[in-house]
Amino acid sequence: MEQAQLPRGVRLGDLVERFGGQLVGNADLVVASIAPLDSADATQISFLSNSKLRALAAQSSAAALILSPLDDPSVAATYGGTRIVTTNPYAYFARAAQYFVALEEDAAKPGIHPSAVVDPGAEIHASAHIGPHVTIEAGAVVKANAVIEHGCFIGRKAVVGEGTRFFANVTFHRGCIIGARGIVHSGAVIGGDGFGFAVEAGVYIKIPQTGRVVIGDDVDIGSNTSIDRGALADTVIEDGVKLDNQIQIGHNCHIGAHTAMAGCVGVAGSAKIGSRCTFGGAAMVLGHLEIADNVHISSGSMVSRSVLEPGQYTGFYPLAKNAEWEKSAAIVRNLNAMREKIRTLEKTIKTLIEQNQENKNDD
């Protein structure tokens, strides 16, 4: 983790007042940045979220540590600095890091850059920031404290919620909606046409995609991720969803609240995914399937049927040398024939046993 160098320090008492936790030590101690356990110095704060690193934390030179009640007694025996004891040190670190970064960054200034092209029919809140070369079409709404960085496109009648941030070169098509405090990274395309075609005499006929993409509050969308608009109904992304880079969400999908997907996940059209699910990198979901709440899909897995019960699911063949994999694949292809042979053999053996028993009875 790179150090987050700050132009000014943060008083630990203020940090605890803001984020909670039990402070053990000097509330007036000021820390200038966050750093890893093995490199933090007397001006920095670090955190312990993995109990396997207790020994490293106990010897840390950090001015203060964020750690759990479980880890605190053993670390405190040799560590002489101030401690913030909290039930979830990693989440505490994340919130503290956000606070530090906010102090470091210059706040985006309200207003519309002269090079931006904003239709007179668009509604831009006075506190919003519209950067260079942004295009905003008629009827679009950009709410209070939203930040639209350079090169973004916002289509007609689209809505960007309060405090939401678009990094450079985001495309947000007509009619799409995103709620408050969203983050959309560069290159994301939201509301492009879904992949919908009818076939007649071997020729593809495009189906107009007239639905929208409707996104809730506190949603993060990674770089170059695409979320297609619905064909007739909307594609829906509920509150708190976290999407990594280069993800594809097909048209008319519904992603439940606080579900998270790692990079390169692909979800085909009309899939319905529940809340608090997780998907490892490059997992695939076929279209028109339903996945229940609290389902966790391993990396690289292919979901080819609906999953109606919570739990961890894995669906990929173990990696092997190519020659071994080809041999295994050949066996798998012949399993049905092998099964039939085994059934025939079982019937033959059963018949022979019965005949032998009859012969004994005759004797």
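Predicted model: local features only at pLDDT ≥ 70, side-chain atom pairs only at ≥ 80, totals over all residues.
Local features need pLDDT of at least 70, side-chain atom pairs count only at pLDDT 80 or more, and totals for chains, interfaces and linings use all residues. Residues are numbered from 1 along each chain as its sequence is written, and side-chain values use heavy atoms, with hydrogens and water left out.

Start with the sheet. Helices (H or I, at least four residues) and strands (E, at least two) are DSSP runs, numbered from the N terminus. Two strands pair if DSSP finds at least two bridges between them. Here 10 strands build an open sheet with parallel pairing. The order runs S9-S12-S15-S18-S21-S26-S29-S32-S35-S38. Strand S9 (117-118) and strand S38 (302-303) are the edges, since each pairs on one side only. Strands of a sheet pair through backbone hydrogen bonds, either parallel or antiparallel. Take one pairing in detail. Strand S32 (residues 266-267) meets strand S35 (residues 284-285) in the parallel sense, over two bridges. Gly266 stands opposite Met284 in S35.

Next, a single residue. Ser46 belongs to strand S5 (residues 44-47). Is Ser46 buried or exposed? Its relative accessibility is 1%, so Ser46 counts as buried. The cut-offs are under 20% relative accessible area for buried, over 50% for exposed, and partly exposed in between (1.4 Å probe, protein chains only). Contact means heavy atoms within 4.5 Å. Leaving aside residues up to four places away in sequence, Ser46 touches Ala35, Pro36, Leu37, Ala40, Ala62, Ala64, Leu65 and Ile66.

Now the rings. Rings of Phe, Tyr and Trp (its six-membered ring) pair if their centres lie within 6.5 Å; planes under 30 degrees apart count as stacked, over 60 as edge-to-face and the rest as tilted. The whole structure holds nine aromatic pairs. One of them joins Tyr99 and Phe100, with 6.4 Å centre to centre and 35 degrees between the planes, a tilted pair. Phe100 is buried, because its relative accessibility is 1%. The pair of Phe197 and Tyr204 is edge-to-face, because the planes stand at 75 degrees with the centres 6.2 Å apart. Phe197 is partly exposed at 36%, and Tyr204 is exposed at 62%. Phe19, Tyr92, Tyr99 and Phe100 form one aromatic cluster.

Charges come last. Side chains of opposite charge can pair when their charged atoms come close. A salt bridge is a side-chain nitrogen of Lys or Arg within 4 Å of a carboxyl oxygen of Asp or Glu. The count is 11 salt bridges.

Asp28 and Arg11 meet at 2.9 Å, N to O. This pair links distant parts of the chain, 17 residues apart: Asp28 lies in the loop between strand S2 (22-24) and strand S3 (30-31), and Arg11 lies in strand S1 (residues 10-11). Asp28 is exposed at 53%, while Arg11 is partly exposed at 30%.

Glu149 bridges to Arg165, with the closest N and O atoms 2.7 Å apart. Glu149 is buried at 15%, whereas Arg165 is partly exposed at 28%.

Asp220 and Lys242 form another salt bridge (3.4 Å, N to O). Asp220 is in strand S25 (residues 220-221) and Lys242 in strand S28 (residues 242-243), so this bridge ties together parts that are 22 residues apart in sequence. Shared partners join Arg11, Asp14 and Asp28 into one salt-bridge network.
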